[in-house]
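Please keep the sequence and the 3D view open while reading.

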Amino acid sequence: MDWKTFQALLSGVNKYSTAFGRIWLSVVFVFRVMVYVVAAERVWGDEQKDFDCNTKQPGCANVCYDHYFPISHIRLWALQLIFVTCPSFMVVMHVAYRDDRERKYKARYGDNTKLYNNTGKKHGGLWWTYLISLFVKTGIEVAFLYILHHIYNSFYLPRLVKCSVSPCPNVVDCYIGHPTEKKVFSYFMVGASALCIVLNICEIIYLVSKRIVRIANKIKRPNRANTVRQNDYNDEPFDSCIDTMPTRSQKEKPPSFRSAVMSSHRPSGLKLEEKIRASAPNLSIS
């Protein structure tokens with residue numbers, strides 16, 4: 001398996017990942033791929049050769065080994081790493097599809113036009129692709145842990161197994177090579193897989209909560225705008241009434257006592273003057 005090509009492909013996923021996704025990728029490379037390549041392959045180098053049974057019956061050791069180890073740990077982990085990293089390529093392919101659409105759109109409408117603000121931004125369909133890839137990765141991790149536990153009945157690796165499968169003449173004791181070392185690496189790889197599951201769940205929660213907050217903010221903005229408009233509409237008649245209402249300085253002052261008395265006596269004085277002028281037109285009143 002060409003791990004350099006595998007690493008180059010996964011490095012492109014890191015550009016479109018969140019913080020949890022980058023941590024997940026680091027855990028996969030450092031604690032799983034590196035451990036697998038450097039140490040695990042050597043520990044499980046030739047398991048069948050190290051599988052020793054206390055009988056010389058032809059075929060008994062081969063049958064017992066196949067019965068207790070239907071699939072090797074090292075090959076199962078290799079399949080797990082391949083299957084777990086494949087969903088990440090869905091995101092890379094979706095971004096490549098967006099880049100191709102962007103290129104065709106610019107070729108048709110000009111270089112100054114844009115179909116996407118950022119082809120790698122997780123909005124719309126890319127967000128759903130990324131979220132689905134996380135669910136698929138989590139499901140694959142859980143499935144492989146279940147398969148490993150189901151095949152070997154537990155994650156524990158015993159030193160001695162008893163086999164009575166034909167063509168063994170009776171119950172045969174078979175010994176596993178390097179049992180402690182293999183048990184340590186088994187627990188380490190299971191722990192790294194569990195850590196990746198936790199990181200995937202954290203990233204799913206982060207993406208969903210961020211999307212909910214964004215939708216809530218979009219809902220609040222129109223409500224705020226409508227509230228402001230309603231307040232402006234309600235305040236406008238009140239303001240117009242305030243503007244048209246006369247101020248205290250503009251109100252008519254109450255008449256003084258002198259002006260009231262003079263105005264009350266003025267009509268009678270005018271009538272007396274008219275009577276005098278009518279009776280004596282040549283008489284002048286000073």
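Val-30, Phe-31 and Phe-188 make a nonpolar surface patch of about 260 Å². Patches are built from residues with over 30% relative accessible area and no salt bridge; nonpolar side chains (Val, Leu, Ile, Met, Phe, Trp, Tyr) are joined within 5 Å, and like charges within 9 Å. Accessible areas come from the Shrake-Rupley method with a 1.4 Å probe, and for residues only the protein chains shown count as cover. Val-30 belongs to helix H2, where helices (H or I, at least four residues) and strands (E, at least two) are DSSP runs, numbered from the N terminus. With a relative accessible area of 46%, Val-30 is partly exposed; buried means under 20%, exposed over 50%, and partly exposed in between (1.4 Å probe, protein chains only).

The model is predicted: local features need pLDDT of at least 70 and side-chain atom pairs count only at pLDDT 80 or more, while totals for chains, interfaces and linings use all residues. Residues are numbered from 1 along each chain as its sequence is written, and side-chain values use heavy atoms, with hydrogens and water left out.

The charged pairs come next. Side chains of opposite charge can pair when their charged atoms come close. The structure holds four salt bridges, each being a side-chain nitrogen of Lys or Arg within 4 Å of a carboxyl oxygen of Asp or Glu. In one of them, Arg-32 meets Glu-141 at 2.7 Å, N to O. This pair links distant parts of the chain, with Arg-32 in helix H2 and Glu-141 in helix H6, 109 residues apart. Are these two residues buried or exposed? Arg-32 is buried, at a relative accessible area of 2%, and Glu-141 is buried as well, at 0%.

Helix H5 holds both Arg-103 and Asp-100, three residues apart, about one turn of the helix. Their side chains form a salt bridge of 2.5 Å, N to O. Asp-100 also forms a salt bridge with Lys-104, the closest N and O atoms being 3.4 Å apart. Asp-100 and Lys-104 both lie in helix H5, four residues apart, again about one turn of the helix. Through shared partners, the salt bridges join Asp-100, Arg-103 and Lys-104 into one network.

A pair of aromatic rings is described by the distance of the centres and the angle of the planes. A search of the whole structure finds nine aromatic pairs; rings of Phe, Tyr and Trp (its six-membered ring) pair if their centres lie within 6.5 Å, and planes under 30 degrees apart count as stacked, over 60 as edge-to-face and the rest as tilted. Phe-20 and Tyr-206 have ring centres 5.9 Å apart and planes at 55°, so this pair is tilted. Because Phe-20 lies in helix H2 (residues 19-43) and Tyr-206 in helix H7 (residues 179-244), the pair ties together parts that are 186 residues apart in sequence. Phe-20 is partly exposed at 27% relative accessible area, and Tyr-206 is partly exposed at 33%.

Another tilted pair is formed by Phe-83 and Phe-144, at 6.0 Å centre to centre and 40° between the planes. Phe-83 in helix H5 (residues 73-109) and Phe-144 in helix H6 are 61 residues apart, and the pair links these distant parts of the chain. Phe-83 is partly exposed at 43% relative accessibility, but Phe-144 is buried at 12%. Elsewhere, ring pairs link Phe-51, Tyr-65, Phe-69 and Tyr-152 into a cluster.

Charges also sit over rings, meaning that NZ of Lys or CZ of Arg is within 6 Å of the ring centre and within 35 degrees of the ring normal. Lys-137 lies over the face of Trp-24, 3.7 Å from the ring centre, and Arg-211 lies over the face of Trp-127, 4.4 Å from the ring centre.

The last stop is Thr-129, in helix H6 (residues 125-152). Thr-129 is buried, with a relative accessible area of 14%. Which residues does Thr-129 touch, not counting residues up to four places away in sequence? They are Met-90, Val-91 and His-94, where contact means heavy atoms within 4.5 Å. The C-alpha atoms of Thr-129 and Val-91 are separated by 6.3 Å, although the two residues are 38 residues apart along the chain.
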